[in-house]
Amino acid sequence: MKQKQKILILGIIMLIACARMPHQQVNAPETLSELPRDSFIFLLVKETTGSCFLNVCIEKPQTSIYSGSGFVVSNTPTGSIIATAAHVCLPEKENSTIDYGISDIDGKTYEGRFLTALVKHDLCLLHVEGLYKPPIKIATSPPKPGQRIYNIAAPAGIFNAGMAPILEGRFNGTDKKGRSIYSLPAAGGSSGSMVLNHKYELVGMIQALHIRFPTITIGPNFSILKSFIAKGIKNFSSL
């Protein structure tokens with residue numbers, strides 16, 4: 001008798017699970033193959049620093065190389081405008097020069113040119129001549145706390161032609177400074193990378209991680225990011 005009861009209970013559990021499956025499938029996100037990987041940009045930045053005055057250098061110039069991420073936000077007649085973090089595109093010292101090495105998802109390389117930056121919010125736009133990749137679609141509204149988000153980046157410089165890490169997390173809300181907070185793993189090289197909603201629209205950017213808890217990452221307020229990109233594109237088109 002007890003064996004029959006166990007079988008009956010197991011059957012009921014299976015029926016409940018099957019009844020829930022269609023609901024889960026309807027709400028499932030689109031396949032990750034539809035992520036806008038073509039909009040991803042890998043940056044290899046070379047910063048050269050020298051102690052010079054009136055073109056006379058006292059010390060031998062020093063060069064540092066670091067990586068970052070970015071994404072295409074607009075196409076122009078001569079190339080594309082990409083967004084990244086200001087700390088990626090701006091030199092650390094006044095007597096430094098920057099060379100931007102740009103790679104698209106296919107591994108093709110270009111040279112970037114600085115356009116504008118909003119240092120207060122760690123935002124930057126570059127123009128890349130000869131680059132023609134589809135611009136990312138920007139969402140009309142920010143994500144809500146708890147919603148799933150996606151990130152295409154090159155943490156720790158991990159990138160190769162045809163391959164860029166795809167990460168998932170959650171939007172947690174904003175902090176006291178209005179910055180966006182995500183539950184999302186990141187590392188050096190993730191800075192400037194796109195944050196996407198379930199429709200694969202741009203809702204944010206990764207700029208920093210919590211030093212004591214590196215799966216908590218920080219980015220600009222959605223409205224500030226959206227406004228900065230729109231203003232930068234408008235200013236470029238008016239040149």
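How many residues lie between strand 14 and strand 15 in the hairpin that they form? Two residues lie between them. The legends below describe a predicted model, in which local features need pLDDT of at least 70, side-chain atom pairs count only at pLDDT 80 or more, and totals for chains, interfaces and linings use all residues. Residues are numbered from 1 along each chain as its sequence is written, and side-chain values use heavy atoms, with hydrogens and water left out.

**Figure 1. Overview of the protein chain.** The protein chain contains three helices and 15 strands; helices (H or I, at least four residues) and strands (E, at least two) are DSSP runs, numbered from the N terminus. Of its 239 residues, 41% count as buried, where buried means under 20% relative accessible area, exposed over 50%, and partly exposed in between (1.4 Å probe, protein chains only). Among contacts (heavy atoms within 4.5 Å) with a separation of 6 or more, 66% are between residues 24 or more positions apart.

**Figure 2. Confidence along the protein chain.** The average pLDDT, the predictor's confidence in each residue from 0 to 100, is 86 for the protein chain, and 82% of the residues score at least 70. Over residues 1-29 the pLDDT is below 50, and this stretch has one contact in the model beyond near neighbours in sequence. Where pLDDT is low, the predicted coordinates should not be read in detail.

**Figure 3. The pairings of strand 15.** Strand 15 (residues 213-219) pairs with strand 11 (residues 180-183) in the antiparallel sense over four bridges; two strands pair if DSSP finds at least two bridges between them. Gly219 in strand 15 is the bridge partner of Ser180. Three bridges, also antiparallel, join strand 15 to strand 14 (residues 208-210), and here Phe213 of strand 15 stands opposite His210.

**Figure 4. Strand 5 and its two partners.** Six of the six residues of strand 5 (residues 79-84) are buried, and the strand is mostly covered. Strand 4 (residues 62-76) pairs with strand 5 in the antiparallel sense over five bridges, and the two form a hairpin with two residues between them. Within this pairing, Ile82 in strand 5 stands opposite Val72. Strand 5 and strand 8 run antiparallel and are joined by six bridges; Cys124 in strand 8 is the bridge partner of Thr84.

**Figure 5. The disulfide of Cys89 and Cys124.** The structure holds one disulfide, a term that denotes a pair of cysteine sulfur atoms within 2.5 Å. Cys89 is joined to Cys124 with an S to S distance of 2.1 Å. The pair links distant parts of the chain, with Cys89 in helix 2 (residues 86-89) and Cys124 in strand 8 (residues 123-129), 35 residues apart. The link is right-handed, with 115 degrees about the S-S bond, and both Cys89 and Cys124 are buried.

**Figure 6. The surroundings of Thr49.** Thr49 belongs to strand 1 (residues 40-49). Thr49 counts as buried because its relative accessibility is 17%. The side chains of Thr49 and Ser96 are joined by a polar contact of 2.6 Å. A polar contact is a pair of N or O atoms within 3.5 Å; within protein, one must be able to donate a hydrogen and the other to accept it, and residues adjacent in sequence count only if both atoms are side-chain atoms.
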